[in-house]
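Subject: Structure for you to look at

Hello,

Here is the structure I said I would pass on. My notes follow below it.

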Amino acid sequence: MAITSRSLHLPIELRSIDPGQNRFRRYRMTEQPTLFAAVDLIVEWGRLGSIPRVRIERFTDDARLAARRRELLARRRLHGYQEQFQQEEETTAEPRPTSPMAGVPALG
């Protein structure tokens, strides 16, 4: 079965946090359509706060993409990873500073 835009899933973020074991890990899967009627499954993993490692796998078939996604999720869950659900930002929240120096009082 060919890849369709309806078959694309939202990013999935998993985390494994155990301070007693000094384990602060993340695992993220996203799907990105290509220009050639395929979809790249982008997998990122590593320690929280560090630059993640990245692997990209290309799929031209919905069934194979879904099977690979299920396989990777099952493996991470066996290792103690749990899904992190991103909450939508409230519209009344303060805007984020655009500069690292924004909000820092001037000297003098």
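Y81 is buried, since its relative accessible area of 11% is under the 20% cut-off. This comes from a predicted model, so please read the values as computed ones. Y81 lies in the loop between α1 (62-78) and β5 (82-84).

The ring of Y81 pairs with that of Y27: the two centres are 6.3 Å apart. The planes meet at 70°, so the pair counts as edge-to-face. A search of the whole structure turned up one aromatic pair. The partner, Y27, sits in strand β2 (residues 23-33), and 54 residues separate it from Y81, so the pair links distant parts of the chain.

Y27 is buried as well, with a relative accessible area of 5%. Its ring also has a charge over it: the charged end of R76 is 5.1 Å from the centre of the ring of Y27.

The structure has one cavity of 30 Å³ or more, and the volume of the largest cavity is about 30 Å³. Its lining is made up of H9, L10, P11, I12, M29, T30, E31, L41 and R69. Strand β2 supplies the largest share of that lining, with three residues. By type, the lining residues are five nonpolar, two polar and two charged.

Regards

Note on methods: Residues are numbered from 1 along each chain as its sequence is written. This is a predicted model: local features need pLDDT of at least 70, side-chain atom pairs count only at pLDDT 80 or more; totals for chains, interfaces and linings use all residues. Side-chain values use heavy atoms; hydrogens and water are left out. Rings of Phe, Tyr and Trp (its six-membered ring) pair if their centres lie within 6.5 Å; planes under 30 degrees apart count as stacked, over 60 as edge-to-face and the rest as tilted. Helices (H or I, at least four residues) and strands (E, at least two) are DSSP runs, numbered from the N terminus. Buried means under 20% relative accessible area, exposed over 50%, partly exposed in between (1.4 Å probe, protein chains only). A charge sits over a ring if NZ of Lys or CZ of Arg is within 6 Å of the ring centre and within 35 degrees of the ring normal. On a 1 Å grid over the protein atoms alone, a cavity is a set of points where a 1.4 Å probe fits but cannot get out, and a pocket is an open set with protein on both sides within 12 Å along at least five of seven lines; lining residues have an atom within 4 Å of a point. Grid points are joined across faces, edges and corners, and a volume is the space filled by probe spheres set on the points. Ala, Val, Leu, Ile, Met, Phe, Trp, Tyr, Cys and Pro count as nonpolar, Asp, Glu, Lys and Arg as charged, and the others, Gly among them, as polar.
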